[in-house]
Amino acid sequence: SSSSSSSSSSSSSCIPVVLGLDCEWKPGDNTPVSLFQVATRENVYLLDVFAFMTEDNGGEGTAEAFDAFLKLLFENETLIKLGFGFDYDIKRLRMSYSSLEETLSMDRRKKGWIDVRELAYTADAVSSHNKRKYKHQKRVGLAALTRDILRCNLDKRCQVSDWSARPLSDPQQRYAAMDAYSLISISDVVLFSRGRWKNNEEILDGLRLVQYGGGGNGEDGIGGRFVKRVSKAKMAKMEKAAFLKRQNSSSLRNARETALHEAKADLTRCVTDCLGFTCVGRKGAIDLLSEPGCSVRVPKKTKSKVDNWKNAIALFLTVDEPKKTDAAKPAQFRRREEDNFLTLHLENAKKYFGEDEDAYARTKACKANDDGKSVVLFAKRGSKGKFVFCGRLESNTSTSLADTRDALSLILVDGDRLSETPMFFQIIGCHL
């Protein structure tokens, strides 16, 4: 019995120690990282980066201690460091604290840095089941990955809270701890169940494959086991087919097409089921809004940012940084202090609507629950992003726009529900 126990212990010791790493910061493009989470299998440690990096809060030598701690993480090849899109977290740390630049610029290749998305993707690729689903793993958020692999939901309500405030609230601490610990839980399921690796040696091979610089991050695969990424065009086609299948609308292919201005948008279903749902281009938005069983004719190629439906106006907005060459101010999202409503401010609204005076007038006077045309918002981040269905808009009548005649201030009625979805922070939250 002693020999068998010793063999099992030596077998388990082949699997490296894993840490789940994550960062939090107050929503905004230039806000510094304020929290660094480190999760082990037994505990989660929330490190107050503000306290470490400022002498007023942490005292003398704390910045050097935090720098030494990060350097130990970067150099230790025996530790598996799990992250979720952690490249951006490191970039954010570098932007926040110049004294950490040298440490955060160290070469991380083949030193145990693993993105759990890459791990889940590869595990499905070598598995004998789920042959198609792994192709979607590259683009999912942490909440969706947790729901898919662990069969539980992450509470994301604190994702866009004020992480610079001290002390952190209990919900914030729970959220930060769960975000980091979920990475370990996902890796355990992936390594010991989902990937169907037979022994520790195969598991270690899988870890070496997906670690940063190990061949799984866009480099050559090992032994042909790493499956090529699906192309964007094919991904879009697959997502569209999956959406139509969910709506039980296979009859669309043979139905007579209806002109867009004569088609009714199924807003009740969309607001109930599709907030935060991404779609590919104008055609994807039309498929999303269309009532089941109705095939809507796609409008000819146009640069218009507005679609006119029989019972709705759809606005397509690109949320991004203002270009240096563009004198016009970009669209801005804000939270009203008196009621916490999410508002959208369009500075040069007439230019946005172009020659569509009717759509401009309707949007300026829109109400979310009246009998007229509803106005709904689709937003995306950057030129290569996907549009996300954000919900209904209504005119913000409490704000006086007399001095800015062409400006529009609109309330995103479904903003609170949208903020609970994984897409909110990517599209809108970081611009508040």
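Reader: Which residues does Thr363 touch, not counting residues up to four places away in sequence?

Author: Happy to start there. Contact means heavy atoms within 4.5 Å. By that rule, Thr363 touches Ile313, Leu315, Phe353, Val375, Ser395, Leu408 and Leu410. This is a predicted model, where local features need pLDDT of at least 70 and side-chain atom pairs count only at pLDDT 80 or more, while totals for chains, interfaces and linings use all residues. Residues are numbered from 1 along each chain as its sequence is written, and side-chain values use heavy atoms, leaving out hydrogens and water.

Reader: Is Thr363 buried or exposed?

Author: Buried means under 20% relative accessible area, exposed over 50%, and partly exposed in between (1.4 Å probe, protein chains only). Thr363 has a relative accessible area of 0%, so it is buried.

Reader: What lies 2.7 Å from a polar atom of the side chain of Thr363?

Author: That is the backbone oxygen of Ala359. Thr363 itself sits in helix α15, residues 357–364; helices here are DSSP runs (H or I, at least four residues), numbered from the N terminus.

Reader: And which residues touch the most other members of the largest nonpolar core?

Author: In soluble globular proteins, nonpolar side chains tend to be buried together. A nonpolar core is a set of buried Ala, Val, Leu, Ile, Met, Phe, Trp, Tyr and Cys residues joined through side-chain atoms within 4.5 Å. Here the largest has 54 residues, and Phe36, Leu315, Leu377 and Ile428 touch the most other members. A second, separate core has 23 residues, including Ile114 and Val190.

Definitions and conventions. Helices (H or I, at least four residues) and strands (E, at least two) are DSSP runs, numbered from the N terminus. A polar contact is a pair of N or O atoms within 3.5 Å; within protein, one must be able to donate a hydrogen and the other to accept it, and residues adjacent in sequence count only if both atoms are side-chain atoms.
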